[in-house]
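Welcome! Take a moment to turn the model around on your screen, and then let us walk through it together.

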Amino acid sequence: MTEQSHSNEAPSRREKVLVLDFGAQYVQLIVRRIREHNVYAEVVPSDTPADTLLAMGATALVLSGGPSSVYEPDAPGYDPAIFACGLPVLGICYGCQLMAQTLGGVVAGGERREFGRTELHVTEPDVLLAGVPERTTCWMSHGDRIEEPPAGFKVLASTEQSPVAAMADLERKLCAVQFHPEVQHTPEGQAILRNFLHDVAGCSGDWRTESFIEQAVEEIREQVGDERILCTLSGGVDSSVVAMLLDRAVGDQLTCMFIDHGLLRKNEAEQVCDTFRPRLGDRFIFVDASDYFIEKLAGVEDPEQKRRIIGEAFIRTFEREAAKLGEFKFIAHGTLYPDVIESGGSATATIKTHHNVGGLPDDMLFENVEPLRLLFKDEVRRVGRELGLPDSIVNRQPFPGPGLAVRIIGDVTRERLDTVREADAILREEIDAAGIKGLAQWFAVLSSMRSVGVMGDGRTYEHPIILRCVTTDDFMTADWADLPHELLGRISNRIVNEVRGVNRVVYDITSKPPGTIEWE
């Protein structure tokens with residue numbers, strides 16, 4: 001989403017917190033938590049000059065955590081002027097240490113590292129820690145510590161291993177915490193962020209995702225002009241919201257194309273067609289390209305290579321099919337902010353390349369339109385409701401663009417697709433029948449390993465199915481769902497009896513982090 005100056009721009013859009021990314025794997029969580037206070041925020045590289053930050057309209061800055069030590073020669077670059085440019089600044093973990101060292105404090109390796117829940121002793125409630133109990137817990141993840149704060153700073157809190165766990169120079173509106181207020185394991189974290197945003201930085205907190213629609217429509221019209229645009233419609237909430245935004249913005253200039261790549265869940269292609277054909281009429285195009293995709297994936301086992309192959313195959317299919325319909329200059333995707341960050345769109349390491357971000361070929365014929373590029377999933381759902389999309393779409397379980405290809409560990413074949421598709425259908429059917437609520441994602445994964453089993457008094461040597469069911473509020477962290485054992489037993493029994501090639505079912509009880517929600 002490009003930043004533009006409009007005379008009728010809402011005041012909330014001019015209020016912007018920029019999060020400088022020093023390599024924190026979950027920097028997006030900081031952004032997400034700030035937006036929960038109705039203050040707009042986005043990520044920028046750590047070395048963005050102070051003048052550029054001011055030109056971008058920053059209201060305040062947040063310095064993220066990161067894996068480096070501030071005194072290492074290869075520590076991430078930054079502009080020291082950020083502390084003297086007049087903007088309120090909140091440093092978190094690494095950002096806290098950076099603020100201390102740059103302004104004359106002392107940072108050194110701690111006698112003992114602090115990882116996990118830690119007791120925090122608030123000695124000076126002040127503005128930043130107003131309302132925080134004198135004794136509370138916080139989430140620490142660091143090896144270095146601040147031995148002495150810079151001149152002018154007041155120590156606000158400490159822990160057993162960190163004499164300076166929070167500090168502030170309120171005259172300069174500079175604040176810092178050694179712990180992570182953005183994670184749920186810091187119970188007072190949201191209160192601390194609220195104190196910084198509203199009482200230190202003076203943010204009004206009047207940004208709403210609903211106000212995004214008018215701005216997005218305006219920006220789409222400005223980018224697309226009178227040209228035709230093709231929307232990559234999958235039937236998921238992201239691409240559906242994009243399609244409705246485009247329909248509102250450019251009307252008949254829009255064509256939505258649904259490509260069945262053969263990697264969908266059971267009966268999904270039929271459901272998408274039944275949902276969107278009545279809404280879009282002749283502007284909805286269905287293409288069966290399953291043979292092409294499966295042929296491209298033959299023999300490929302590396303998940304990153306799968307994603308890149310699928311990303312390019314999508315574009316080539318769109319190019320080929322669009323040529324039959326006339327000329328299109330633009331193509332629209334349902335790219336979200338976590339897609340961009342996880343694909344290495346900032347200082348954060350690449351976790352996995354999303355097929356519609358890093359997986360796109362350099363020589364594609366279209367120009368990208370990505371109106372959701374700076375939104376999170378729950379924000380997209382709220383926009384979808386505002387656009388009048390039905391709950392069946394707005395609340396649809398997230399499904400990766402590469403589909404079942406990244407739920408098969410190893411080679412992708414039609415036989416293996418059928419196996420994981422049938423197992424996944426049984427899981428979803430039983431979850432629905434049991435009336436289980438509160439799940440964020442639930443799906444089956446086909447493993448590449450084999451295990452010995454006994455079926456019909458004979459030895460089997462077949463693949464296990466892995467069940468993955470998680471709960472999460474933001475999809476950036478997640479926990480495994482504690483499903484009733486009776487239900488798990490019923491699902492396992494059905495899969496082993498009804499799905500050929502499977503002789504064992506296991507349940508994944510790994511949280512995110514250290515795992516990811518998907519297996520690939």
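This is a predicted model: local features need pLDDT of at least 70, side-chain atom pairs count only at pLDDT 80 or more; totals for chains, interfaces and linings use all residues.

The protein has 15 helices and 19 strands. Its radius of gyration is 25 Å, close to the 24 Å that the globule rule gives for 520 residues, so the protein is as compact as a globular protein of that length. If you trace the C-alpha atoms along the principal axes, they span about 70 × 65 × 45 Å.

How much of this protein is buried? Of its 520 residues, 58% count as buried. Contacts tell you about the fold too: among those with a separation of 6 or more, 74% are between residues 24 or more positions apart.

Now for the charges. The protein carries 53 positive and 81 negative side chains, and the centres of these two sets lie 4 Å apart. The count of salt bridges comes to 31. One of them pairs aspartate 291 with arginine 414, with 2.2 Å between the closest N and O atoms. Aspartate 291 belongs to helix H9 (residues 290-297) and arginine 414 to helix H14 (residues 414-434), so this pair ties together parts that are 123 residues apart in sequence. Aspartate 291 counts as exposed because its relative accessibility is 55%, while arginine 414 is partly exposed at 42%.

Look for arginine 316 and glutamate 319, whose closest N and O atoms are 3.0 Å apart. The two are three residues apart in helix H10 (residues 303-323), so about one helical turn separates them. Arginine 316 counts as buried, at 18% relative accessibility, and glutamate 319 is buried as well, with 13%. In helix H14 you can find a further pair, aspartate 424 and arginine 428, which are four residues apart and therefore separated by about one helical turn. Their side chains meet in a salt bridge of 2.8 Å, N to O. Is aspartate 424 buried or exposed? Aspartate 424 is buried, with a relative accessible area of 1%.

Salt bridges can also join up: Arg32, Arg33, Glu36, Asp378 and Arg382 are linked in a network of them.

Next, visit a strand. Serine 451 is part of strand E16 (residues 451-455), and it is buried, with a relative accessible area of 13%. Leaving aside residues up to four places away in sequence, serine 451 touches Thr460, Tyr461, Glu462, Asn503 and Arg504.

Finally, let us look at the backbone. Most residues other than glycine have a negative phi, and most peptide bonds are trans. Asparagine 38 has a positive phi of about 60°; you will find this residue in the loop between helix H2 (27-35) and strand E2 (40-45), partly exposed at 25% relative accessibility. Asparagine 267 also has a positive phi, near 65°. Its loop runs between strand E11 (254-260) and helix H8 (268-280), and asparagine 267 is partly exposed, at 44%.

Which peptide bond is cis at proline 513, counting from lysine 512? The bond from lysine 512 to proline 513 is cis, with omega near -10°. Proline 513 lies in the segment after strand E19 (502-507). A cis peptide bond also joins proline 513 and proline 514, with omega about 10°.

Definitions and conventions:
Residues are numbered from 1 along each chain as its sequence is written. Side-chain values use heavy atoms; hydrogens and water are left out. A salt bridge is a side-chain nitrogen of Lys or Arg within 4 Å of a carboxyl oxygen of Asp or Glu. Buried means under 20% relative accessible area, exposed over 50%, partly exposed in between (1.4 Å probe, protein chains only). The radius of gyration is taken over C-alpha atoms; the globule rule is 2.2 Å times the number of residues to the power 0.38. Contact means heavy atoms within 4.5 Å. Lys and Arg count as positive and Asp and Glu as negative; His and the chain ends are not counted. The place of a charge is taken as NZ of Lys, CZ of Arg, CG of Asp or CD of Glu.
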